Amino acid sequence: MCVMVFHLLHRLSSNIQLWLICHPNCITRFFLFFFYALELIPYTRDPKAFLQKRGRLFGKNFAALGRVIVGEYDLLVGIIQSPQKRGYFVGTFLLVPRMLAKCFSLFLSDEDAGGSALHASLHNYFWADFVPPAMARIEEQEVVFTGYLKSGIVAQQSSEKTQRMEIEKMTIRYIFHAFIGTPLSDDSSQVDVIHSLMFSKSPMFNYVLGGTKPFSTLTACFQCGRNKDIRTIKNLIIESPLMSDYVPMAQTGNQSKEDFAEMIFAILGIAGVAGTSNLLLEVLTAIPVNAPIDLGDKKDVMFAVLEAARMRAPVNTVNVILPQAKTMIANGKETIIPAGAVVGGSIGLASLDPAMFEQPDTFNHHRDNLVKMVVNFNAVGFDPVGAGTRQCPGRNVAMKIASDVLTLSRNPDTFKAQNSNIDRSVHGHYDLLAPPK
């Protein structure tokens, strides 16, 4: 009985939202914001369950969170491959622009979609001048970066309660050292500050939540700790080798040192740390113990990482603003979605579309179409070569970390030097790795 009532409420909510979306004005936008705020908390508890539940009720595309969620693979591909008009969104969160970095690339529209040339300039800078030195540093200091991964893999084994935190802190040390050139020790207070900014559950301390509507309005007067932490990390970046000779230039949007440092923090924190740590947790928890992975074959390891990311997308949603009206099946019926409507392309749902991936909930890293059809890193298919127009610049770094973590976590030698009573055989290791609660 309760299940039927919840289904009825979900249907009512979604149908009302779809009507509001199709009749845009200041009043309907207000009510759409109300539905967004209402559904935001249940979504953040378990995004995959939230979306799949509504997908079973309405089909692949439906109204939720104040926008149209697109889970149909072909429609998502169209969104990713077309020039994108962006709003102030990170994942599902609707943000207050002044509360985050001014030139954060996720907010910038493509020039062909009504934006300026700034996104293209920054994108080219990241691919040409930001990522290559990080990759070179990782290769030159291989022992140091492998040490980060080993210590994190072993530490996260000690307790299910701290598993996620240990992986997150490991990712912080690795990503920040690689990109800004400053090593951060295990017990560094700066690691704790970055962790709080990225993973705190409180909008008074979390960088993204603190800038998210409606939380930002409710807590703006109590964000002294958040603001202090942001200044601390901006100073860390400004004083790092990355910015030792920085001068404002057109390629970086002529940003001041302070603005550029906060943009780098936003990119490294949101995409580099939060996105990559989600991927690592999937690699550690979603791949079956008996999956036939040849750990000596880098390509086979890469396929396993891509399949883990397909089964539970580390970054779930690409939000765009429709530049013109579009007809699609939404809530089970053909609907004209007007220009200006927000559409959330759900990588998570599209990656589980049975029309594209046979038995989508089953791990199979030898799928014939995996490399060609996977939709992660804001790209269709995976190719370590090429930058595209909006592909994640840190794609190859994230794939390297995830591949190394998978290989190390299944190698008993990783744990030999540790004094612990935990069974560190391959099977014992994975028996302890339950998905985070």
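This is a predicted model: local features need pLDDT of at least 70, side-chain atom pairs count only at pLDDT 80 or more; totals for chains, interfaces and linings use all residues.
Helix α1 is the largest contributor to the lining of the largest cavity, giving 4 residues.

The space inside the largest cavity is about 40 Å³. Its lining consists of H10, S13, S14, Q17, E39, R54, F58, A63 and A64. Two or more of these lining residues come from each of α1 (2-22), α3 (47-58) and β1. Sorted by class, the lining holds 3 nonpolar, 4 polar and 2 charged residues.

Let us move to L65. This residue sits in the loop between β1 (61-64) and β2 (67-70). Is L65 buried or exposed? L65 counts as buried, because its relative accessibility is 1%, and the cut-off for burial is under 20%. Beyond its neighbours up to four places away in sequence, L65 touches Q17, Y36, E39, L40, Y43, F50 and T92. Two of these partners, Q17 and E39, also belong to the lining of the largest cavity. As for distance, L65 and A134 are 69 residues apart in sequence, and their C-alpha atoms are 37 Å apart in space.

I turn now to the nonpolar cores. The largest one contains 90 residues, and within it F176 and Y207 have the most contacts. Helix α11, residues 257-285, gives the most to this core, namely 16 residues. A separate core has 28 residues, including L76, A313, L322 and A341. To return to F176, which residues is it in contact with, leaving aside neighbours within four places in sequence? The contacts of F176 are G181, T182, L184, I194, I233, I237, F265, L268 and V273. Of these, F265, L268 and V273 fall within the span of helix α11.

The next element is strand β5, residues 317-321. Why can β5 be described as largely enclosed by the rest of the structure? The description holds because 5 of the 5 residues of β5 are buried. In a regular strand, side chains alternate between the two faces of the sheet. In β5, T317, N319 and I321 point one way, while V318 and V320 point the other way, and all are buried. The partner strand is β8, residues 342-346, which pairs with β5 in the antiparallel sense over 5 bridges. Within that pairing, V320 has V343 of β8 as its bridge partner.

Some points of backbone geometry deserve attention. Most residues other than glycine have a negative phi, and most peptide bonds are trans. The peptide bond from K213 to P214, however, is cis, with omega near 0 degrees. P214 is placed in the loop between α8 (189-199) and α9 (215-219).

For N331, phi is about 55 degrees, and the residue is found in the loop between β6 (326-330) and β7 (333-337). For Q359, phi is about 45 degrees, and the residue is in the loop between α13 (347-350) and α14 (370-373). The accessibility of these residues can be set side by side: N331 counts as buried because its relative accessibility is 11%, whereas Q359, at 56%, counts as exposed.

P132 is classed as partly exposed because its relative accessible area is 38%, a value between the limits of 20% and 50%. Residues up to four places away in sequence aside, P132 touches F126 and W127. P132 and G394 are 262 residues apart in sequence, yet 9.8 Å apart in space, C-alpha to C-alpha.

How values were computed
Residues are numbered from 1 along each chain as its sequence is written. Side-chain values use heavy atoms; hydrogens and water are left out. A nonpolar core is a set of buried Ala, Val, Leu, Ile, Met, Phe, Trp, Tyr and Cys residues joined through side-chain atoms within 4.5 Å. Buried means under 20% relative accessible area, exposed over 50%, partly exposed in between (1.4 Å probe, protein chains only). Contact means heavy atoms within 4.5 Å. Two strands pair if DSSP finds at least two bridges between them. On a 1 Å grid over the protein atoms alone, a cavity is a set of points where a 1.4 Å probe fits but cannot get out, and a pocket is an open set with protein on both sides within 12 Å along at least five of seven lines; lining residues have an atom within 4 Å of a point. Grid points are joined across faces, edges and corners, and a volume is the space filled by probe spheres set on the points. Ala, Val, Leu, Ile, Met, Phe, Trp, Tyr, Cys and Pro count as nonpolar, Asp, Glu, Lys and Arg as charged, and the others, Gly among them, as polar.
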